[in-house]
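Welcome! Let's take a friendly look at a structure together, starting with one residue and its surroundings.

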There are 2 protein chains.
Amino acid sequence: MSEKITPREENFSQWYIDIVLNAQLADYAPVKGCMVIRPRGYALWEAVQTELNRMFKETGHSNAYFPMLIPDSFLRKEAEHVEGFSPELAVVTHAGGEELEEPYVLRPTSETIIWSTYKKWIQSYRDLPLLINQWANVIRWEKRTRLFLRTTEFLWQEGHTAHETEAEAVEETLKMLNVYKTFVEDYLAIPLLTGPKSQSEKFAGAIDTYSIEALLQDKKALQAGTSHFLGQNFAKAFDVKYQTREKTLDYVWATSWGVSTRLIGALIMTHSDDKGLIVPPKVAPQEVVLIPIFKSSNKEAVLDYCADLEKELRGAFRVAVDADDKQSPGWRFAEWEMRGVPVRVEVGPRDMENKKAVLVRRDNGEKKVVDRNAIVSEIKELLDDIQKALFDRALKFREDNTTSVSSYDEFLPLFEGEKAPGFVEAMWCGDPECEAEIKADTKATIRCLPFDRQNRVAGTCFHCGREAGHVAVFAKSY
Amino acid sequence: MSEKITPREENFSQWYIDIVLNAQLADYAPVKGCMVIRPRGYALWEAVQTELNRMFKETGHSNAYFPMLIPDSFLRKEAEHVEGFSPELAVVTHAGGEELEEPYVLRPTSETIIWSTYKKWIQSYRDLPLLINQWANVIRWEKRTRLFLRTTEFLWQEGHTAHETEAEAVEETLKMLNVYKTFVEDYLAIPLLTGPKSQSEKFAGAIDTYSIEALLQDKKALQAGTSHFLGQNFAKAFDVKYQTREKTLDYVWATSWGVSTRLIGALIMTHSDDKGLIVPPKVAPQEVVLIPIFKSSNKEAVLDYCADLEKELRGAFRVAVDADDKQSPGWRFAEWEMRGVPVRVEVGPRDMENKKAVLVRRDNGEKKVVDRNAIVSEIKELLDDIQKALFDRALKFREDNTTSVSSYDEFLPLFEGEKAPGFVEAMWCGDPECEAEIKADTKATIRCLPFDRQNRVAGTCFHCGREAGHVAVFAKSY
């Protein structure tokens, strides 16, 4: 415990790994590219699940579960889909001691198995909309992996909905994008850009993909979730028609949308510092850690005093207590800072005498001496402050690291060298070839065409000089 | 909807399938032996998860997640384990477009991947006990499958704990068995026998396996969950030693325990009737369905009256409302009976005039006219009654179908023919060969040696006549 964390300035990648391992969020697995999610990391995922489940149910969705094995032939039914996912598939060829007649792939995503099933469930407009989500593991064979951000197996949720009309499906796509934005900004305190991806960056099989994009502390972008308008592509691939209100037959309109354990990586990389993890209060498995400070002479008195306090705190917050007398207070402070608990409550003999307690904020280290009797309301206020401060700090970081350019000459130097420049905004023509040239030159990709940056007047493409109707945001990305 | 359900007397297997499909709990998947768990079935699993998670956390366990891919070589490290699971393994041989150097198996259970990881996490007695649970999908290639009861892929939780001493591990094994018993009896209203399995029926790799055993309406037994004392078998296979309090090195002691979506099958087969599903109130996704009864002339008045009622009901219960005027009241009654909602509230024009409502119990069809103003307390009482009545009815069924025998001559006719005889108790010698002979003759297996039936004086084995120290319970089983 309390092992040294490499400073961000020295080596950002190592800093991230040090936090994940030392805060015991995850561990490398003895399986290539996979990880073990340890209880402290899984508790963060459970917080994500709890809130998203609530939001999904409030928007009318139900959970279900579909098989993880998909017949190889299903993937091939949607041409773009199979092309996009083929390189990443893991294949079961043998089972029960025999070679299988048709191999199964492990789901990289579940559109095909789900739409093959929806064909049985959807006959009429009365069966629509069908609003289903599943929490599941998926497998994508990745060459370069990184704990939480990109692993061969990961946990996610995938929503798959079916609708009568194109308009309704588009509305659903944007509604769920907005659910993600609300959750990630309000709970994970990560500011997001949202908007459509360029056509070359969209999901294999979608008409349009929309994403939520975060900027991490190393100024690289992270696609933190996606919502896809699938048009009638999968309905056509699996022949899912319904009887319309006008008694005609039509293909069903579809969406799918997902976020994954990658969000935990985004959370770590957005907020944490060189002392360790920082977790926003709303999703912190423990909001408060109570640390009694004592010598052997006054141990009993301090612990007595803390017993009542602990009870009161537990009535109001998720609480940890660390009264380990084998460790110094300083060691214990550092340990709980590393674990990211938002508020530390210190109580020593003098605090006891004065009926006080010391509150220390994890996000900025500020100390405050408060009346013992006012402690619950003081902590409540502090937790709200921290939640807001984390978002504001991340937003300021993003704003400080967003550059607007109008020419390729301004653009190119930003992407030179190993360092990432943050978000770079520019008017762009929309042509995939233009986008490909930029990527080949600089490794910069278009993160999205942010909804809230489209208020500029039309201009010319910063790269090719042709007419440009969109503001695109470029970045180096994970 | 409201399709015909085959009566139990006519064909019990078909009755079960009819309920699963018509109540939309699950559907056959286009993958051999797999199923799709539909929202109404998944809601039952979510109720199981919610309560068990609470009980696991109250007993000190944390959730985590381990990879579903296991290197083939890991399975081979524990000789009995690999022998037991080999026939059921599914194997990934290709991934990322290439043949793998070492194939991965899809977890049939996670002892091996978890103990290979525990080796990294456990050095000292200070790291113990390690109390971890995971919710996951597992794959066992089954030849004969049945929705919920036995599917190639199923969902489950698996606890894996590590302890300093044998006594502590045995205590944990029995504690978790008791958690299962408490949950299944109190929430699912299924009475259980609990006790050790015979050595030939234990988990591959365990020292002792304990199980919870239910008796279903076709008088077949179902193993509904197991808790294993693993001794030091997996610690030795994966070389997991710890420094003891005496500064010596010793292998760690282990347990594992699991229940699965099979519990949903047990619930259906224990309580349901020829009208459809019956769900115990405590785990019912909807406790109450409100059905307004009206003609076009009084529709508005009745619906107005019901709006307030609905609001009040929603404040106290999980509520569905069915005011579909395209369907007759009778059709709607039948539909919600099929779905298993415990209490139906009928409100028609006369009820409205008299400030009354009609409550109908799903379990026995009893009707009660109650005052509109007393409805919440009346329903609360009814739900408690139903929860208890379901358990009592199932317990009586089990008692009526438990036979005690003292000779093989009494035993043999019970197991003749296709029908199952329920539970059959007998004094048994404990010899696996004796057990195997009985099984070969009759297909009867020992379900467990129930804790609460061991108060008989020692006697002689009903089959081989040798000294017998145990009461064993035999049955035909799923």
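A:G205 touches A:E78, A:E80, A:H81, A:L230, A:N233 and A:F234, leaving aside residues up to four places away in sequence; contact means heavy atoms within 4.5 Å. This is a predicted model, where local features need pLDDT of at least 70, side-chain atom pairs count only at pLDDT 80 or more, and totals for chains, interfaces and linings use all residues. Residues are numbered from 1 along each chain as its sequence is written, chains are lettered from A and ligands numbered from 1 in the order in which they are written, and side-chain values use heavy atoms, without hydrogens and water.

**Around A:G205**
- In chain A, the loop between β9 (193–196) and β10 (208–215) holds A:G205; strands are DSSP runs (E, at least two residues), numbered from the N terminus.
- A:G205 counts as buried because its relative accessibility is 0% (buried means under 20% relative accessible area, with a 1.4 Å probe and protein chains only).
- The C-alpha atoms of A:G205 and A:N233 are 6.8 Å apart, although 28 residues separate them along the chain.

**A four-stranded sheet**
- In chain A, an open sheet with mixed pairing has the strand order β20-β21-β25-β22; two strands pair if DSSP finds at least two bridges between them.
- β20 (402–404) and β22 (445–448) of chain A each have a single partner strand, so they stand at the edges with one side lacking a neighbour in the sheet.
- β20(A) runs parallel to β21 (residues 423–428) of chain A, joined by three bridges.
- Opposite A:T403 you will find A:V424 in β21(A).

Note on methods. Buried means under 20% relative accessible area, exposed over 50%, partly exposed in between (1.4 Å probe, protein chains only).
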